[in-house]
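Dear colleague,

Here is the structure I promised to pass on, with the sequence alongside it. My notes on the side-chain contacts follow below, and I would be glad if you read them with the structure open.

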Amino acid sequence: MKRTLCLIATSCFVLFSAVSQSAFAVTLVPVGNRNVSQPGVPAASAKRTREMNTTYEAKYQKIYGLLKSDSKLRSKIASVSRTYGIDPVHVAGALIGEHTYNVDAYDRLQTYYVKAVSYLKQGLSFDYKGESIGDFVKRPQFAECNKFKDSLRLWSCRENVWDNNFRGNTIGGTSYPNNRLSAVFFQPFYAGQSFGLGQLSPLVALQMTDMVNRYSGLPKLDADHATEVYKTIMDPDLTLPYMAATLKHSIDVYRRVADLDISKNPGLTATLYNTGGADARARALANINAQRSANGESLQMPEENYYGWLVNEKVDQLKALF
């Protein structure tokens with residue numbers, strides 16, 4: 001999951017716009033795509049697809065085929081979606097987007113279980129130049145984050161501190177890359193790596209662990225136990241709750257912050273699953289529409305990116321699965 005932040009709609013692949021700032025009503029975002037044609041697909045995705053000697057359509061058919069042929073997987077998706085109070089098409093949409101544009105799906109669900117077990121033998125750790133993430137976040141720059149007791153706000157705060165203090169800078173003789181916290185500390189194999197059926201990054205899993213613990217009763221994840229984090233995001237039975245939690249959070253934060261109900265538009269939740277940063281996006285877009293309202297202008301509806309556009313195009317097929 002890429003975590004680029006788009007605050008100015010016209011400069012990004014994703015054209016998000018806020019809904020009503022009114023405290024009296026929540027605006028339901030209509031179903032379907034706002035764009036007549038698909039927004040541009042990033043060059044990196046196109047390059048990966050060429051290198052794999054395949055096409056987007058072939059990759060779509062492969063992940064759709066897995067969903068259609070595996071009744072146990074569909075049952076797991078339906079069950080976890082009920083737990084988190086979301087339509088299962090949101091989970092299916094995120095799976096479709098990830099495996100069409102990022103990685104190719106395995107043919108069988110069992111392969112993901114085998115991969116999960118293999119990570120238990122890796123002896124992984126989250127660190128940079130020998131300093132573990134657990135020690136790193138004890139630095140005084142992160143003290144302001146200690147007031148947050150929930151995992152989402154805690155790790156989001158730590159991301160902000162990284163961006164504002166360490167990213168691209170040299171501190172105490174150590175130079176830090178101009179890259180995301182998740183890429184520097186949480187990807188011990190290679191940068192840009194996410195894992196498993198849901199293609200979750202370890203940092204997103206750490207952010208959502210309190211919600212998953214509360215709704216699904218799974219043990220909380222700890223950054224100092226990297227192997228368990230990787231096993232969780234590789235094991236379909238464990239990663240599906242984290243996918244559902246991530247999608248539920250996007251729906252909740254848009255409703256709470258921007259008075260925007262995106263629960264009927266899986267292309268938008270898929271877009272947010274792809275881009276990340278739902279909280280910051282919701283705040284920025286709420287501000288945009290507050291200004292539009294003050295100027296007597298009509299509200300703008302949010303728009304999907306290339307990834308979410310496909311999900312909305314295929315939504316009837318996805319709904320038919322459930």
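**Charges over rings**

R158 lies over the face of W155, at a distance of 4.6 Å from the ring centre. A second case of this kind involves K314, whose charged end sits over the ring of Y60, 4.6 Å from its centre. Please keep in mind throughout that this is a predicted model, and that the distances and angles in this message are computed from it.

**The nonpolar core and F136**

The largest nonpolar core has 82 residues, and those with the most contacts inside it are I133, F136, F185, F186 and Y254. Helix 11, which spans residues 236–258, supplies the largest share of this core, namely 11 residues. As general background, nonpolar side chains tend to be buried together in soluble globular proteins.

Leaving aside residues up to four places away in sequence, F136 touches E131, F142, W162, F166, Y176 and F185. Ring pairs also join F136 into a cluster with Y128, F142, W162, F166, Y176 and F185.

**Aromatic pairs**

The count of aromatic pairs comes to 20.

Y306 and Y307 form another edge-to-face aromatic pair, with 6.3 Å between the centres and 85° between the planes. Y306 is buried, and Y307 is buried as well.

**Salt bridges**

The count of salt bridges comes to 10, and three of them are described here. E131, which is among the residues that F136 touches, forms a salt bridge with R139, in which the closest N and O atoms are 3.0 Å apart.

K138 forms a salt bridge with D135, with 3.9 Å between the closest N and O atoms. K138 has a relative accessibility of 66% and therefore counts as exposed, the cut-off being over 50%. D135, with a relative accessible area of 44%, is partly exposed.

In the salt bridge between K231 and D235, the closest N and O atoms are 3.7 Å apart. Is this pair of residues, K231 and D235, buried or exposed? Both K231 and D235 are buried.

**The disulfide**

A search of the whole structure finds one disulfide, which is formed by C145 and C157, with their sulfur atoms 2.1 Å apart. C145 lies in the loop between helix 6 and helix 7, whereas C157 lies in helix 7, so the pair ties together parts that are 12 residues apart in sequence. The torsion about the S-S bond of C145 and C157 is about -80°, and the disulfide is therefore left-handed.

How accessible are the two cysteines, C145 and C157? C145 is buried, with a relative accessible area of 0%. C157, at 9% relative accessibility, also counts as buried, because the cut-off for that class is under 20%.

With best regards

Note on methods. Residues numbered from 1 in each chain as written. Predicted model: local features only at pLDDT ≥ 70, side-chain atom pairs only at ≥ 80, totals over all residues. Heavy atoms only, no water. Core = buried A, V, L, I, M, F, W, Y, C linked by side-chain atoms within 4.5 Å. Buried < 20%, exposed > 50% of the residue type's maximum accessible area, 1.4 Å probe, protein only. Helix = DSSP H or I, 4+ residues; strand = E, 2+ residues; numbered from the N terminus. Contact = heavy atoms within 4.5 Å. Phe/Tyr/Trp six-rings, centres within 6.5 Å; stacked < 30°, edge-to-face > 60°. Lys NZ or Arg CZ within 6 Å of the ring centre and 35° of its normal. Salt bridge = Lys/Arg side-chain N within 4 Å of Asp/Glu carboxyl O. Disulfide = S-S within 2.5 Å.
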